[in-house]
Amino acid sequence: MGEGRWRTAGGALLRVIVVWAVSTLTLLALAGILPDFQLRSDDGESITRTAVTAAWGAGAFGLLSALVWPLVVRAFLLVPALVLGLLVFFLNGSLLLLALRLIPDGGGAAAPETAVVVAAVMSAVASATSTALAVRDDNAYRRRLSRLATRRRRRRGGPADGGDAPPGTVFLQLDGVGHAVLVQAVKDGLMPTVARWLDTSHRLTRWRTDWSSQTGASQLGILHGSNHDVPGFRWYEKDTGRIMVSNRPASAAELQRRAFLRTGDAGLLSLDGASRGNLFTGGADQLALVLSVTARRGRANRSRAGYFAYFSDPANAVRTAVSFLAEVGREIGQSVRSRIRGDRPRTGRGGLYPFIRAFATVVERDVVVAAVMGDMLAGRTAVYADLVAYDEVAHHSGPHSRDAAKVLERIDRAVALIAKVADHAPRTYRIVLLSDHGQSPGETFEGVYGLTLKDLVRAGCGLPVSRRAGRTRSGAEARDAARHALFGALHRPTGEDAAGERPAAGPDPIVLASGNLGLISFPDLPGRAVREEIDRRHPALLHTLAGHPGIGFLLVRSERHGSVVLARDGAGTVELPVAGLDGSGPLAVFGPGAADAVRRTDSFPHAADIMVNSMYDPATGRVHAFEPQIGSHGGLGGEQSHPFLLSPLELSEPVPDGGEPAGAEQVHTVLQRWLDECRGGPFGPQVPLGHAEDPDPRVPPGPAGDRRSQESPGPAEAPRRQSPPGPQEDRRSRGARTKRFP
């Protein structure tokens with residue numbers, strides 16, 4: 001054993017020397033290339049003296065990066081991610097200038113702007129060299145992972161080897177990836193990891209969303225067991241006079257609170273769980289990039305604290321910053337080529353969108369994947385993470401586009417990296433892939449008909465229609481998540497953030513879009529307006545909407561017939577009572593379960609006065625979004641309603657006899673059953689491996705070529721303020737998942 005330790009220590013020392021030597025050579029090369037960077041005085045020095053100066057500089061820069069950089073990043077913890085990303089280069093350059101000053105006899109000098117370039121290259125070269133050495137010594141990499149995991153378990157009070165701990169579960173949500181898209185990606189060879197799992201270890205199951213096929217409704221149901229009264233991505237609530245928007249922090253926190261009050265369920269992740277990159281906490285103690293807690297005041301309560309450990313490594317920071325800029329350039333290039341080719345349909349991709357996309361596909365991916373890896377090495381019981389890259393790109397490039405296909409390839413590599421880390425975790429992990437909805441392609445409603453849904457509603461009400469229609473805000477889930485992460489520290493809470501948007505006062509109808517689902521409310525009519533009152537005030541409105549070729553059907557309440565569905569029927573309009581819907585008639589084209597989904601939404605207290613679903617063409621799979629998206633979700637019709645579950649064969653079938661789960665609440669039941677199966681059987685009660693602690697951020701470079709690190713926010717970030725007072729119970733001392741309140 002002593003000989004093995006000496007061999008390991010010798011190997012580690014050799015790797016440090018190699019990295020130091022390569023960094024020294026890099027410094028010498030840059031000094032010869034860059035005019036404003038020198039390693040010797042003007043009167044000239046020998047080659048040997050210059051080499052020694054370079055070695056001093058490389059060593060000092062390496063030590064400063066290891067010791068000072070984490071402290072600098074922690075000091076900038078509340079700085080917005082976008083600002084931090086830009087500061088990465090300048091902070092790194094400052095460390096290089098300091099390193100040059102530490103060289104004896106002051107042998108090095110560089111202009112500030114040159115120092116930024118040199119520092120970035122040095123960090124990238126050091127990271128690449130470390131990765132290459134790890135690839136060449138896979139056994140050393142595995143031993144290091146094993147040591148880190150063992151050390152972490154001992155600190156948490158668990159057995160050094162994990163003992164007979166039950167399996168943990170990692171749920172990876174591939175946001176917006178529909179069942180059909182996944183199957184096609186596997187056939188096309190875009191996702192080899194998923195293909196291998198399907199051949200050997202996992203089963204694929206399709207499930208049906210609710211009418212509101214978007215992340216806010218689906219993830220709330222999956223994580224908290226209830227998505228009751230979530231009629232769309234955004235909707236108007238007459239009792240408060242506010243507009244709820246699923247991807248706004250205040251709205252997300254309120255939705256989470258309502259779900260808890262309805263079910264008394266603390267959440268899927270309430271036992272030693274971690275929530276990464278989600279809209280909601282799921283009851284987890286460990287949080288990073290969780291939208292529902294980003295509105296909290298104070299340093300300790302900010303979800304952006306999840307950035308710290310990742311960016312505390314300068315190599316991570318530089319690599320992600322460079323990848324971010326590369327992704328911005330990639331999006332601009334793809335957009336220009338799409339325009340030159342004359343691709344149709346096409347939507348606007350200018351403004352801040354390239355930066356929003358880069359955040360979703362690079363920054364959030366890197367931080368979330370690093371967090372999941374840290375959670376697994378820490379032996380956490382349940383982890384739920386959302387990878388939003390595909391959803392964001394598919395909204396603007398199309399769900400079947402080449403741009404979206406490239407994103408699927410990168411997602412598969414991230415999944416493979418997480419699976420490799422599972423081999424070194426202190427417990428066995430079952431990795432479940434799932435999605436919250438799919439996406440349906442199609443030209444926008446405005447693109448086809450030359451007017452927005454709001455224009456059509458105003459015309460039907462006899463109100464003036466502006467020739468210059470206002471831009472409909474996109475409902476992409478990543479957009480506001482990125483806004484709060486990128487600009488959060490510069491953002492000051494307002495009335496809108498505290499309680500949702502407040503529309504302009506007046507009797508004009510409020511028209512909101514959620515993909516191809518429209519929600520129309522009359523703020524001056526109390527309660528849910530009935531058809532008869534709407535017809536008295538606006539005789540042409542319902543017929544205008546129901547008879548439009550771009551609209552599939554309407555849902556409206558009637559005094560005489562209860563709630564009814566209105567739709568085109570030849571040259572006229574057909575009216576069907578919701579109570580008698582059986583899936584035939586105008587809803588037949590939307591597939592099995594459409595009638596039940598409409599009936600359920602009709603029961604929501606905050607259902608809009610008029611619910612509008614766009615047309616759906618089953619031959620092409622196309623819908624018409626009411627917002628600027630050529631890949632959309634939010635209503636009924638096509639692939640958006642059919643996400644997937646990819647689960648290990650050791651777990652029971654989601655539904656017996658190969659059936660499909662219907663609705664996010666049933667998926668919550670399925671996932672909870674799978675967690676319960678880990679608690680039962682030969683494993684006994686499922687308990688954490690010791691006391692909860694933040695994952696060690698020092699995840700080493702692996703053979704896959706990614707050095708990841710992550711620190712989770714501490715227990716102070718758990719969403720305890722969202723739980724009403726009641727009898728408390730120590731969840732760590734029992735096998736049950738939830739806290740129950742009378």
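Where does Asp272 lie, in terms of the helix and the strand on either side? Look in the loop between helix H10 (249–263) and strand S7 (273–276). Keep in mind as you explore that this is a predicted model.

You'll find Asp229 in the loop between helix H9 (215–224) and strand S5 (234–237).

Here's how the two compare on burial; under 20% relative accessible area counts as buried.

Now for some helix packing. Two packed helices are described by the angle between their axes and the distance between the axes. Helix H13 (residues 353–377) packs against helix H14 (residues 389–397) at an angle of about 150°, and their axes are 8 Å apart. Angles over 145 degrees count as roughly antiparallel, so that's what H13 is to H14. Their crossing is left-handed.

Who does the touching? On the H13 side it's Tyr353, Ile356, Arg357, Ala360 and Thr361, and on the H14 side it's Ala389, Glu392, Val393 and His396. Sort the residues of this contact by type and you get 5 nonpolar, 2 polar and 2 charged.

Last stop, the cysteines. Cys461 is buried, at 12% relative accessibility, and Cys678 is buried with a relative accessible area of 0%. With sulfur pairs within 2.5 Å as the rule, the count is 0 disulfides.

Conventions. Residues are numbered from 1 along each chain as its sequence is written. This is a predicted model: local features need pLDDT of at least 70, side-chain atom pairs count only at pLDDT 80 or more; totals for chains, interfaces and linings use all residues. Side-chain values use heavy atoms; hydrogens and water are left out. Axes are lines fitted to C-alpha atoms, for helices over the stretch in contact, and angles run from 0 to 180 degrees between N-to-C directions. Helices (H or I, at least four residues) and strands (E, at least two) are DSSP runs, numbered from the N terminus. Angles under 35 degrees count as roughly parallel, over 145 as roughly antiparallel, 65 to 115 as roughly perpendicular and the rest as oblique. A crossing is left-handed if the near helix is turned anticlockwise from the far one by less than a right angle, and right-handed if clockwise. Contact means heavy atoms within 4.5 Å. Ala, Val, Leu, Ile, Met, Phe, Trp, Tyr, Cys and Pro count as nonpolar, Asp, Glu, Lys and Arg as charged, and the others, Gly among them, as polar. Buried means under 20% relative accessible area, exposed over 50%, partly exposed in between (1.4 Å probe, protein chains only).
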